[in-house]
Amino acid sequence: MDQSAMLWGLVIASILATYLWRFLGTLFARRIDPDGAVFQWVTCVSYCMLAGLISRMVLVPVGNLVEVPLWIRLAGVLVGLAVFFAAGRIMLVSVASGLAVFVGLAAALNV
């Protein structure tokens, strides 16, 4: 078997695996109560994972982020958090505002 056939087989297997989980998700979605304990647990876990990843990026950065001062990273997080609560817990708006503050400060200081 040549290499291009193996790559196409891998792509097709990846597509099938992805759509299998999506199909199973749609089957089980009808049975999940959005106000139930399981759904609330999943929501809590996802928020905790997001908080952990953000904390790690801010406090223990890697790569080019190491060169950005801690106060700039904290300013972006604090603005994003403030907008999150002020804008009715809309994640996209809060992340965009925190990112704008971070990029703006980093660009202004030529970091």
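Trainee: Is Ala106 buried or exposed?
Mentor: Remember that this is a predicted model. Ala106 is found in helix α4. Buried means under 20% relative accessible area. Ala106 has a relative accessible area of 11%, so Ala106 is buried.

Trainee: Leaving aside neighbours within four places in sequence, which residues is Ala106 in contact with?
Mentor: Contact means heavy atoms within 4.5 Å. Neighbours within four places in sequence are set aside here. That leaves Ile72 and Val111.

Trainee: How far apart are the C-alpha atoms of Ala106 and Glu67?
Mentor: Along the chain, these two residues are 39 residues apart.

Trainee: How are α3 and α4 oriented to each other, parallel or antiparallel?
Mentor: Two packed helices are described by the angle between their axes and the distance between the axes. For α3 (residues 70-86) and α4 (residues 91-108), the axes come within 8 Å and cross at roughly 155°. Angles over 145 degrees count as roughly antiparallel. The two helices, α3 and α4, are therefore roughly antiparallel.

Trainee: Which residues of α4 make the contact with α3?
Mentor: On the α3 side, the contact includes Trp71, Ile72 and Phe84. By type, the residues of the whole contact divide into twelve nonpolar, five polar and one charged. The α4 side consists of Met91, Val93, Ser94, Ser97, Gly98, Val101, Phe102, Leu105 and Ala106.

Trainee: At what angle do the axes of α2 and α3 cross?
Mentor: Helix α2 covers residues 37-59. Its axis and that of α3 come within 9 Å. The pair is roughly antiparallel. The crossing angle is roughly 155°.

Trainee: What is the radius of gyration of the chain?
Mentor: The chain has four helices and zero strands. For 111 residues, the globule rule gives 13 Å. The chain is well over that, so it is more spread out than a compact globule. Its radius of gyration is 20 Å.

Conventions:
Residues numbered from 1 in each chain as written. Predicted model: local features only at pLDDT ≥ 70, side-chain atom pairs only at ≥ 80, totals over all residues. Heavy atoms only, no water. Axes fitted to C-alpha atoms, helices over the stretch in contact; angles between N-to-C directions. Parallel < 35°, antiparallel > 145°, perpendicular 65-115°, else oblique. Nonpolar A, V, L, I, M, F, W, Y, C, P; charged D, E, K, R; others polar. Buried < 20%, exposed > 50% of the residue type's maximum accessible area, 1.4 Å probe, protein only. Rg over C-alpha atoms; globule rule 2.2 N^0.38 Å.
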